[in-house]
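Biologist: I am new to this structure and would like to learn how to read its features one at a time. Could we look at it together?

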Amino acid sequence: MRPVPIILAILVCAAISIFVLKGGNSAAPKEETSESGAATAQEFPAVSVLVQKSVAQPVTSGIVLRGQTEAFRQLEVRAEVDGTVISQPLRKGTFVTEGQLLCELNIGTRQAAIAEAKARYEEAKANNKGAKGLVEKGIISETAAFSREAALESAEANLDRAQREFNNLKIKAPFSGLLESDTAEFGSFIQRGSPCATVLQLNPMKLVGNATEQQVSRISKGAPAGARLLSGQDVKGEVTFVSRRADNVTRTFRVEVKVPNDNGKLRDGSTADIYIALSGEKGHLLPQSALTLNGEGIMGIRAVKDEKAVFMPVQIIRDSAEGMWISGLPEETDVIIVGQEYVTDGRKVDVTFKQKGS
């Protein structure tokens, strides 16, 4: 056996072992590390964006409620005494003035009752006359004097009652308004508490709507308001009542607005969209496209600060034909209106300002 091949094989194996232990070619990793560091150190280029200089201004905003018209006053006029109607009826739709006769009842024996009450009053008055002097003279006792005084007061009360019943025979309109029903028919007998007629006061008129818990906290008494009816008619007024108690079923709060109805065109029960104005709020008017969401799903805008993009959360006040009114921004803000979707917080931006009127 020749020793030369064996020695050569041993030398090749030793060389391979030394190469593996030293990690092969060490020059390549050094070059890769150098290129990685250069890429990390390199900065991203600035993103071109269009910016609008926005200044906060007063916002004419409001709350819209779905509601209806309602008579300012509605009263069912009822009889206070029994009797037969002797007046001709007034038909529904008739306009009546305050104090106008609606129903008149038959006198019956009430005139005689008044005469009797007057007689007893005069008798009691005479018996009581000089009672104090008779007590001082010892002719009658103090108890008898008190009885005479009580009889006089009782007779006076009976006379007043009889006079009141006589006056109540004429049932009159408590306020000016429109008859919603016919008055009681001639010859009909009505009892105490029976209706004579129903009167509506339609000038002024009420607009009634229901506000949610979030809306009612922003509505105040005296705030300007208006409404548009289904007929297209517009009316204006002011808030006169905001309920402090929620409806047990809907959990909403009643809101009333008083509006004039001089021409009488408004009707009770008409559907209306009620607009209640709010004041004292400032906001920015921006294009709707300027709104965006951050990584957490919060709505806001991206603005420019120190030549870098920054996200600012906002709240929507209302929309309009010109854009969206939003709040939550500083008094003066440079808002990105084009390119906001391509930048993140801290990214450098190349700003181009929007010209007015463009």
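Modeller: Let us begin with Thr198, which is buried, with a relative accessible area of 13%; buried means under 20% relative accessible area, exposed over 50%, and partly exposed in between, using a 1.4 Å probe and protein chains only. This is a predicted model, in which local features need pLDDT of at least 70 and side-chain atom pairs count only at pLDDT 80 or more, while totals for chains, interfaces and linings use all residues. Residues are numbered from 1 along each chain as its sequence is written, and side-chain values use heavy atoms, with hydrogens and water left out.

Biologist: Where does Thr198 lie, and which residues is Thr198 in contact with, leaving aside its neighbours within four places in sequence?

Modeller: Thr198 belongs to strand 10, where helices (H or I, at least four residues) and strands (E, at least two) are DSSP runs numbered from the N terminus. Contact means heavy atoms within 4.5 Å, and once neighbours within four places in sequence are set aside, Thr198 touches Gln74, Leu75, Glu76, Leu178, Leu179, Glu180 and Ser181.

Biologist: How many disulfides does the structure hold, and which parts of the chain does the pair link?

Modeller: A disulfide is a pair of cysteine sulfur atoms within 2.5 Å, and the structure holds 1 disulfide. Cys103 and Cys196 form it, with their sulfur atoms 2.0 Å apart. The pair links distant parts of the chain, with Cys103 in strand 6 (residues 101-104) and Cys196 in strand 10, 93 residues apart. The link of Cys103 and Cys196 is right-handed, with 95° about the S-S bond, and both cysteines, Cys103 and Cys196, are buried.

Biologist: What should I look for in the backbone itself?

Modeller: One feature to look for is a cis peptide bond, and here such a bond joins Asn203 and Pro204, with omega about 5°; Pro204 lies in strand 10, which covers residues 195-211. Another is a positive phi in a residue other than glycine, as in Asp306, where phi is about 55°, and in Glu307, where phi is near 65°. Asp306 is placed in the loop between strand 17 (299-305) and strand 18 (308-313), and Glu307 is also found in the loop between strand 17 and strand 18.

Biologist: Are Asp306 and Glu307 buried or exposed?

Modeller: Asp306 is exposed, with a relative accessible area of 70%, and Glu307 is exposed as well, with a relative accessible area of 61%.

Biologist: Where does Ile316 lie, and what is its relative accessibility?

Modeller: Ile316 lies in strand 19 and, at 40% relative accessibility, counts as partly exposed.
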